[in-house]
Amino acid sequence: MDPKSSASIRRVLALVRKDLLEEYRARYAISTLLVFAVTILVVVGFAAGMDPLPGHLHSSFIWLVLFFAAVTGIDRSFVKEEEKNTSPTLRLAADPDVVYAGKLAFNFLVLLALAALVLPLYVILMNPPVKNAPLLVAMVVAGVWCLAVTTTILAAIVAKTGTRNALLPVLSFPLLLAVLTTVVSGTTMALEGAGFTGARQELQFLLSYSVVMLTVSWLLFPYVWND
Amino acid sequence: MSWKYTLGFWFFLSIAGAFVYAPPAMGLGDLARIIFFHVPLAWVGVLAYLVAMVNGVRYLKTARPEYDHKAAFNAEIGLVFTLLATVTGAIFARHTWGMYWNWDPRQVSIFVLLLIYGAYFALRSSVENPQRRARLSAVYISLAFITVPFLVFIIPRLYPTLHPDPILNAERRINMEGRMLQVFLAFLAGFTGLYAWIAQLESRVLRLRARFKR
């Protein structure tokens, strides 16, 4: 590996480490996300927890919780840099590519942690019939990856606006609707016991969506970040 | 000036053609006449979106404010046309499928187009600084643009739709009676002309405003 790219990888890792350390000390993002997710879960559980629900309702509820929890807190990763006025320093210290990759990795880790907490909780509270657990995990990871890719650049946009709140759900919903419908149908398949071959189309869709979104975000991120 | 009268005459002829000249379609009857309005409206809604996106990208490349203004007014025009296409589509759905709205994949796609326009204006109104507003909204409209193929071309392939075949269908064939096709093409040209006329008026307003500011 040439020295330049290994230096950028080291920078990305340093940025992720810094964000994780900050998150560990303040626990801002994960506590907001988790409390929000638990609130929705409890509302859903009170309303429908006793009844045996069909698979597609379970998968819509799972993604309702994950999507809304994600879009309420994930813009913190950029908003905190603006609020504490650390973004000029970050801009001097690293290329936009490095910042983008670092923030994407951090957001993905936060959302993975959220999903890792929410999914078992959902299974305990709502008793969905999980017939193909590996596919369920694969679907959740793929869906969360698409959420992270889409919301990272949108969070950077939101951090630059004046209002900074309630804008991320508005901006991300139209972009994520294709992902949400696909991932809900894939999750339904996993709950109802389809195999990986049955859900191949859904996984391919999510993969191609995330590749396209990642490439375009990569190209457009400098316009948002360098202000 | 000549634009206005030409378009007025053209629409007069086209509307007369839609109700008198074109025969009722097989199966759908007189109801099919709504496609003369619905499809061109949806086409302009998408076209204006495309033009707005192209102007957004041009703004990112050149940082000249007129491209941002162009992107914004094209989005405004596109929003109106898309709303009208949604309403005409819902009327058609009510009389053929039994309800105004049933989350058909086509309805989902046009609904998302409306949402994108809405989010675009929400973003614009929340940024004070004009350069920053221009840049952020250009980035957003380009990002939204790349998700459109997923919705318009891929989702309807994955899920069944009740929507009649699009005009450019998979077999690349036009399934329309000759006289209906003439009227349809007349409307397509007419609505595209209407859009061009509005866009040209808007850019004249912008030019005049820039001159009087100086």
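1. In this predicted model, helix α3 (residues 55-73) of chain A packs against helix α6 (residues 96-126) of chain A: their axes come within 11 Å and cross at roughly 145°. The crossing of α3(A) and α6(A) is right-handed. Why give both an angle and a distance? Two packed helices are described by the angle between their axes and the distance between the axes.

2. The residues that α3(A) brings to this contact are A:H58, A:I62, A:V65, A:L66, A:A69 and A:A70. On the side of α6(A), they meet A:L111, A:L114, A:A115, A:V118, A:Y122 and A:M126. Sorted by class, the contact of α3(A) with α6(A) has 11 nonpolar residues, one polar and no charged ones.

3. Between the chains, 25 residues from chain B and 25 residues from chain A make up the contact. On the side of chain B that touches chain A, the elements giving two or more residues are α4 (105-125) and α5 (130-158) of chain B. Of these, α5(B) gives the most, with 15 residues.

4. What classes of residue form the side of chain B that touches chain A? That side divides into 19 nonpolar, three polar and three charged residues.

5. Helix α3 (residues 65-96) of chain B is a separate point. This helix has 32 residues, and from its first C-alpha to its last it reaches 46 Å, close to the 46 Å expected at 1.5 Å a residue. After α3(B) comes B:G98, a residue whose phi is positive, near 100°.

Technical notes: Residues numbered from 1 in each chain as written. Chains lettered and ligands numbered in written order. Predicted model: local features only at pLDDT ≥ 70, side-chain atom pairs only at ≥ 80, totals over all residues. Contact = placed C-beta atoms within 7 Å. Helix = DSSP H or I, 4+ residues; strand = E, 2+ residues; numbered from the N terminus. Nonpolar A, V, L, I, M, F, W, Y, C, P; charged D, E, K, R; others polar. Expected span 1.5 Å × (residues − 1). Axes fitted to C-alpha atoms, helices over the stretch in contact; angles between N-to-C directions. Left-handed = near helix turned anticlockwise from the far one by under 90°.
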